Amino acid sequence: MNHNIDAVIALSAVLFGLGVLGVLTRKNAITIFMSIELMLNSVNLSLVAFSRLHNDITGQMLVIFVMAIAAAEVAVGLAIVISIFRNRQTADVTEINLLRW
Amino acid sequence: MNLDALITYTLTSTALLQPELLVAVGLMLILVTDLFLKKTVQKWISVLFFLVMGLALISLSRQSEVQAQVFSGMISIDGYSVFFKYLFVVSALLAGVMSLFSEELNQNRRRLGEYFIVMTGMVLGMMLMAGAANLLMMFVAIELVSLSSYILVSYLKDDKISNESGVKYIIYGSFSSGLMIYGISLIYGITGTLSLSEMNAVLQNPAATIDPVTLTIAVLLVLGGLGYKVAAAPFHFWAPDAYQGAPTPVAAFLSVAPKAAGFAMMLRFFKTVFFGSATQDGYVPLASLDWVSILAVISVLTMTIGNVTALWQQNVKRMLAYSSIAHAGYILMGVLLLSDSGIAAMMFYLAYYLIMNLGAFYVTMLLGDRVQSYELDDWRGLGFRAPVLAVPMVIFLASLIGIPGTVGFTGKFLLFVAVLQQGSLYFWLALIAVANSVVSAFYYFKVAKILFLKKSADPHAEPVTAPVPAVVLLFVFAVPTIVLGIWWSPLYNWAMASVRMITG
């Protein structure tokens, strides 16, 4: 089973890259949060793979924590997006530009 | 380990972790009490907050003799972490009192309960950050602090600017915590452990083959998360936006406490993982990674960007945000020195930076609330309308520059001495820092100039005053800024006594 670790790590790196790309290029705040979720979940994938590689359970333990934290982060993030949407009728980050330099 | 031994171990660990538990219990207590408090008396929730923080201070004094790692090496309790925990609790107390005088927070009759709940959670997170000796604990603690700060920054729900700074803050924040956790997963992949001391053992083992490139990338990613917390240069963009939009007491708190927590964690991470066996001097870096140069570059970038950008700021809160970025750059110099005096100088710097920066933000809050503006243009001649507030402001600004006679001078002096002690290699670093201090004088003096030397637009403007308790608090900040500048040795000796951290 251990032979495919490279492929799993590569997949996780690609997913992470896609997430980073999404954060940098997307304009809608909610899509940005989805991209951040993608980043965190790609990390989960690699953590599970490494955990298997080292035959060590702590990696999988960390995965549970990452999931919980990701959920909390999205909850707070969406709450903030909702309040900004109420005040300005937009969730487009390019239009959220009262603060500059 | 059988069940009985496990229970005994857990109970022993719990007993040692008293201040943290007190804060955690206090958080729940505030939460429940807030549910039952009528809206008319909800301001009294703050009393509970101060009570919890006061009790935490008392139990911290009992923790200071302990040297132990608890919960299977998750958290270290040592003089180093206790020093920082004192800083967090004291700054939470001061920021809590500040919030009672803030009009932004009190005007729209929002429940202050949730404000203090989140603040307590943040203190808990920072206390765990200072002690975290395991990557898992580091990540959870840093996220607890981050999530609380997102909520506090966007606390003024109806204010567009507060919303905006909240959304920018959380996007930057969760992005860099994503980078950090990816770095953590790579480190775990390389070393097969999450514990910092075991990681050190793996790195020291000559038989282990570790790819230096992967290790560097992983550490850089972790540094991304940490650098974001202390607002160090490529990750500083959130700071000006977050500070400008946040309620001023929150901005003040964010600029000192989480920054100190970030530095505490950063230093523990590097010192525990990347040092060889303890010699007399204690600090021999492992050859596997040249993190000193990396940090030196970041330090120079951070202080230069902070100071130069601050020069053309027109908004006082934003200017103070850039100033706090610049100070993070100075403090980073203390992290990268491989010496006790460097660490002690850094701890001393963080301790007094807490007082003077909270003070500067406090005056900004009082003046800003009364003129209804944080723009420098609206502050012309305010010094004559509000001398009681403006004179302490000048003291804080002088201390932020590092004028002799204030604690800012002492701190910078100790830091530069520690840098120069490390030999000529670091000479250029000290030189850049001194040049930066000179640059910083321009924008700090600009505020003083506008307060006292410019004429107000309206010659018949009313004098500006503040309630007596608010002025008393002002002296709580202003007096130590002067006194510590002259009588600094007790604080420095305490920092010096707390530099050694246990590595388990």
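**Note on the chain A and chain B interface**

1. The contact (heavy atoms within 4.5 Å) draws 41 residues from chain A and 42 residues from chain B. The model is predicted: local features need pLDDT of at least 70, side-chain atom pairs count only at pLDDT 80 or more, and totals for chains, interfaces and linings use all residues. Residues are numbered from 1 along each chain as its sequence is written, chains are lettered from A in the order in which they are written, and side-chain values use heavy atoms, with hydrogens and water left out.

2. Between them, chain A and chain B bury about 3,700 Å², taken as the accessible area (1.4 Å probe) lost on being put together, summed over both. Carbon and sulfur atoms account for 76% of that area.

3. The rule finds one salt bridge across the interface, a salt bridge being a side-chain nitrogen of Lys or Arg within 4 Å of a carboxyl oxygen of Asp or Glu. A:Arg88 pairs with B:Glu164, and their closest N and O atoms are 3.3 Å apart.

4. On the side of chain A that touches chain B, the elements giving two or more residues are α1 (5-25), α2 (29-54) and α3 (58-88) of chain A; helices are DSSP runs (H or I, at least four residues), numbered from the N terminus. α3(A) gives the most, with 17 residues.

5. B:Ala231 follows α10(B) and has a positive phi, near 60°.

Notes. Buried area = accessible area lost by both parts, 1.4 Å probe.
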